[in-house]
Every structure is written in structure tokens, then in C-alpha cells.
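Hi there,

Here is the structure I promised to pass on. Have a look, and my notes follow below.

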Amino acid sequence: MDMHGQLGHDRRRFLALTAAASSVPLLSACGAGFGDGDSKSDGSAADDVTGSFDWQRHKGTTVKALLNKHPYTDALIADLKAFTAKTGIKVEYDVFPEDNYFDKLTVDLSSGRASYDIFMLGAYMVWQYGPPGWLEDLGPWMRNESATGAEWDQDDFLPSLLEGTQWSLKAGTPLGQGGQYALPWGWEANVVAYNTEVFNKLGLRPAESFDELRELAGTIKRKAPGAGFDGMYGVAVRGSRSWATIHPGFMTMFSRYKLKDFTVDGESLKPAMNSPEAITFTRDWADMVKKGGPPSWTSYTWYQCSSDLGAKKAGMLFDADTAAYFQAVKGASPAAGKIAFHPGPKGPDGSLATNMWIWSLGMNAKSKKKSAAWLFLQWATGKEHLRKGAIEYNHIDPVRKSVSDDPAYRDKMSELAGFIETFEAVQDQTRIQFTPQEQFFDATTSWASALQEIYGGKSAGPVLNGLADDLASKVG
Amino acid sequence: MSSSTEADHGAASSDDAAVAGAREKASAADRGSGSGPAAGAPPPAGPGAERSVPRWRRSLRPYLLIVPALLLTGGILYPFGLGLYYTVFDFAASKPQPDFTGLENYRRIFTDSSFWDSAWVTVLYAVGAAAVETVLGVAVALLLHRSTLVGRVLEKVLILPLMIAPVIAAIIWKLMLQPSVGVVNHLLRPFGLGGVQWTDTPTGALLSSIAVDVWVYTPFVAILALAGLRSLPASPFEAAAVDGAGWWFTFRKLTMPMLWPYVLVAVIFRFMDSLKVFDIIYALTEGGPGDSTVVLQIRAYLEAIRFQRYSFGLSYMIVLWAVVYLAAMVLVRYLGRIQNRAAEVSR
């Protein structure tokens, strides 16, 4: 009895002690769970770099890069030996397909670890990754002559591209002010590419207005199969339930109609994608897809759009110029040599406002090798590598004026009908047309979802009003 | 050094001999009485051996034995507790130093119509998938029950979908269901059904997702049902055959009541898994078109990972956990009752 009592007492004491011991890490983890309490220093690590600029400063170091599977990445990887030869720095890298890439990057950055020193990102990602302090402000590095070689030549970048990755981290404030949270590395303008063979056979011309584009898409879908283009439809545009559906052709045409995603009133944002004009436009866009778009549109990403153009399944593509370029180059697809470029429909006032995507390179704010990583960023966005990528590989749409003006590059691109002319026609009006704000991905994913519902037959007005109501509480 | 080792060794040998003697006596006593440990089981250690273990080690032994269980429990409860803790804050990437908000996240979830839409889709999916898989699984098991050569070959083939990761299966099916180049419409074309937009409508997307789930997991139900069929006692069926009972009567009154506990185990697994589905739907439809296939798990993923509202996403996961837990509890209790009933039928 005594023994039992003692044992019972011991068991209770043991359990109490165990519970207390378990709760210590739990509570301490809870206390430290929200971020790492690392109060960001005002001083940049760039300030530690002094003396004369030296490419060999970090010889023997290894930096890690996270890259998205892309022809630009292929060009980078193919030239990495040149970087190692120049700096003595080794680059280890992981490449992920785009479907998983940003989730991988998001999870990695939010974990607060420095698994990767450098990574690819789009300008929109700056709006999500910048405010939590995950991105290194590259401004101090760019300004430090000890860290940055003179040949890097910041003024050679197209100004709108550098501005596109510079932000104050405050929702609604325009780009081009505040920290430089990434460097432009490659960009894409959203224009129309079309199959010249079907256009010639049916006697068609590229659309100059949105009404013409909708008509044209329907005409191709109706007439092309009878003209020997089996299964061809009118226009390939993205449709998956993703932010990526909104930003290419849809946002470009939306902007050419002078429509806005949000209006900024002081410090608050108000959804504007449900204005009467926006409702009409969105309804017409969904109608165009129904009458002349791809079958199974709701699953369409740029991969499907691009390959349909190349496979002669789509008469037109309204998406990134690169998506058409990769099909248009000699030997790349059945439609190669028969793809031409056009700026796309103008807005009612002749606007060629174009939304762009900027493939950028950023640095992890938690990186322990920032100085070496900065040397890599300089090299990857420098004239030498980008020129080589543009001329010898498929790293087209140069972010640097010197490369886009290079005769060898122009010679290469002149083989594609209308490419240079289209590029030059839209270049001045091409910028990020979205309002910068942290909830960008939620807003655009919900917007894509609304677009799918309208395509499915729901009335555009109520759907977009519901979307605006939902976003108002999240963004405003 | 060497002498002390020998002395130790001698002492140990003497102890070993004592233990061996005690074991021998105990073993002989066991043989004599005809009771005690089963043949081959280790004999109990003698009192001499027990005395040689220090008292503190004997006291510690029970606690050491529960250490693995404690570690396992801690490994489960720690992240769960942490997750639960985070749900009472407004922790997000945009708010790394959050405020305590109490049950606000749960209030937002339960007052948000999109949660109820997701809950409804989740239930439709889980019930639909589990029901179809059960019916098909049992049917396949009945067909394979007769051990013919064809049946044995089909058993091996049947298991193939289970060897494929569900996300891969969904991608394969996504390609096969593609309206213009997919093989499904190609095969349906001769019947005038070549233009079906499988995942472009809300109903089509949900049914297509369920179909992929059924393709992957019906073999799981079939294998469990087949194992159950083969373990049923033969005598009730022989008696029914002697009495001239028909196939349908035998199936209804004997086979299913006795088989149901086995099938129910599969149903419980499939229903709980289907409530938590993510991979198949996300790979096939990404939750679209519109929000028509956004099940609770996808909404939790979008909130926590894509939109980085960690606390809100975790709250979704906790709600989903509660739903699955309650469903499992009800089903397991039902399973107990069914097992008792099946035992009565087989008697």
C-alpha cells in the first residue's frame, strides 16, 4: 500500500515535471516564434566593403542560388564558368519549375534561413517579400564604389525596369522610390504574336482594337479548321486560377482602356476592378475567350499558350513576347518561321500601355555572404553576360540599352517578323500597370477566379462587385 | 589491472552460474506444473540477478520505457500546440510582430461564406469519393474472389494505381482529360462525345477530381475487401448453399454483414483522407473554375503559404482537424458496433 502510494506520488511528480519540461521549449518557441526578433540594422552590410573594387575579393567562396526553369536561366547556367573564372567564386544552384518555384522561394524566405543567397523573382514579389524584410536593399551596394565596379554602369539599364523593382514598401505608393529590392535581369512585354500562314490564307490582318481582336479570334476559330488548320482556335490567353492569368494580355488590354485595379485615396486603396467600364471590359474578355479561346482555358498557363501557338493550335497569342519567341525561332516548333509580332490592339484613345514582367535577381537579407552574392548579381546583370545571353542564347528582351542597340542582337532578332518594331512601339508605354501592395497575390488570384466564373456564365457585375467587397477589407 | 579484470570476470561467472541455476530450477518447476511461460519464452530472471541491479536503476526502468512514447507524443503535440497557439494571433508576413486577437480568426472563418462554400465542396468530395470507391472496391473484390488465373493476374494489375503518387496521377489525368489532345475525348469521339470540357465547369471539375481519386484509391478498398472475403468462415455459406439460398440473398444476408467491418475500415481511411484532400484537386484544377473546387485544405494552403497569412491559414487547418477528428470518432464507434454485429452473424 505504501509502495503503491509512493509510486503514485512519484508518477504524479514525474508527469508534472515532464509537463513542465515540455512546456519550456513550447513557451520559448512561442515567444520566439513570430520572426526571429532580429531587429534590422539601419546600416547596410554594403558599408563594410571598403578599398578599391576587386572581382577576386571573395575568391574561394561558394554562393547558393535558387533559380526558376527558364531559357534565361539556361543562358545563365551555360555561362557560369565565366563568372567563376572572373571571381574565383563557385555558384551552387537549384532549379525548380515555375509551378513550384515561387512556393519554394516563399517558404524558404519566410523560414528566415539563408538557404539561398540569391534568387530569381518578379517585380511583384518585391511587394510580398519586401515588407517582411526578406530582401536585401541593393541601393547601398549600388552606391558603394568599393563594392561595385565602374563597368557595371547603372545608367545603361532601361529606367522603367530599375524603377519597377524599387519601392518604398508602402501600399499604393508608386514604384521608383525607396529601396532597390531586386535588379532587372530580363523582361517581357505583353503583345500579340500571330500565325502568318493562317492570316494569309484567310486574308486577315492583326487587330488594331479590342473589338477587332474579339471578332478576329472568333473568325479564326470558325474558319481556320476548314482552311486546313485542324483544331485551331483564335487566341491563346492564360486562364488558370492564378495571379499569372491576370498580368499578361488581360492587364495589358485593361490598361489600354485606362482601367485601374485599385484607386489610391491617401493611404487607403479601393478596389476599382468593378467600375462600370471594367465590368464591361471583363465581360467582353470572357466572351472573347468563349468564342475564340482555347478549350480547357481554365487550366491554361503560359506553357500551354506558348505551345499551342507553336503547334499551330492557336492563331494568335496575347501574352509575353518571349512566349512566342521560344516557338518562333528556327526549328523550335511546327509554326517556327511563320510567327509574326504585333503590338496588339490599341485602347480607345490609341494607348499602347503595356503591362510587363521583370525577371529580376534579388539577394536574401539573411545571407551570410552578401558581398560575394553582390559580385554575382553584378556579373549576372552586367553588360558582358547579358550581351552573350542575348546573342548566343535565348536571353532576349535586354534590360540594358547597350545590348538592345547592339548590331549583333538586332541582326539576330530581325529574323523574326515585326519583333523589333513591336518592341520599340510598346517600349515607352511598358511598365508595371498594377498598384503595388502586399496583398497582390490574393487580389489577383481572386480576380482570376472571378474571371473564370464569368467565363462559366455568371454575370460580370455581381461577380466583380463581390470580388471588390472581399478585397476592400483585405487591402484597404 | 589484469588481476582485477580476472577477479571481476570470476565474480561475474559465479553470478552467471547462480542465475543459470535459478533459471534451470524455475524451468523445471514450470515443466512440472505444466503452467508458466510458453515454450521458447525467456525464463524469468532469478532473485540473484534482480539484486545485482542497483535500486536506482530498477526505479528508473519504467520511466525509461515510456521515453519513446513520450518523445513520439511530444513530436506530435508540440507542432500541434504551436499551431493552435498561433491561431489566437494575427501573425502574417506583413505582421511579423502580431497582436493577440483571441478567437477572431475563428470568428472570421465561420462568418465567411467562402468557408462554408469550401466546407460544402469538401463534404461533397469526401462523400462522393468514399461512396464510389466503396461500391467499386467491393464489386472488384467480389469479382476477384474466385482464385482463377485471370483473377490472380488482375490482382497484381489492380494495385498499380496505388504505386503512383496522387499528384502524378492527377497530372496524368489532366493531360488525358485535355479536351483537344487528351486521350479520353479521343476515345469518346466515335460516340459523338469528343468535345467534353472536363474541368471547365464547376460540376465537371468536381466530378473529374472525384474520378481521379476513385482511380487511385479504389484498389485500396478492393484489396481490403478481398482480404476480408478470404477470411470469412466457410460454414455459413455452405449452410446457405445447402438450403438453396440464391446469390443475392447470400450476399445481402451473409457476405455483406460479415464483410462490412473490413470494408468499413477502408471507408474510414478513405473518408478521412478525402476530407484532407489537396494534391489531386490542386494538380487537376487548382481549385477552379472560380472557387468551385477549393476544398478546405486548399484554402488553408492558399492562406498560409501563398498569401502568407499564417495565423488565418492555421485556423483553417485547426478547423479541418476538428472536422476530421469528429468524423473519425463517429465512424470508429460505428465500426465497433458493426464488428460486434458481424461476430453475431458469423456465429
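Pro236(B), Phe237(B) and Ala240(B) in α11(B) meet Thr250(B), Leu254(B), Thr255(B) and Met258(B) in α12(B). By type, this contact has five nonpolar residues, two polar and no charged.

A word on provenance: this is a predicted model, in which local features need pLDDT of at least 70 and side-chain atom pairs count only at pLDDT 80 or more, while totals for chains, interfaces and linings use all residues. Residues are numbered from 1 along each chain as its sequence is written, chains are lettered from A in the order in which they are written, and side-chain values use heavy atoms, with hydrogens and water left out.

Now the interface. Contact (heavy atoms within 4.5 Å) links 38 residues of chain B with 38 residues of chain A. The buried area (accessible area lost on being put together, 1.4 Å probe, summed over both parts) is about 3200 Å², with carbon and sulfur atoms giving 55%. On the chain B side, Tyr63(B), Asp200(B) and Arg306(B) lose the most area to chain A, together 17% of what that side buries.

The rule finds three salt bridges across this interface (a side-chain nitrogen of Lys or Arg within 4 Å of a carboxyl oxygen of Asp or Glu). One of them pairs Arg241(A) with Asp291(B), the closest N and O atoms being 2.7 Å apart.

Best wishes

Terms used:
Buried area = accessible area lost by both parts, 1.4 Å probe. Helix = DSSP H or I, 4+ residues; strand = E, 2+ residues; numbered from the N terminus. Nonpolar A, V, L, I, M, F, W, Y, C, P; charged D, E, K, R; others polar.
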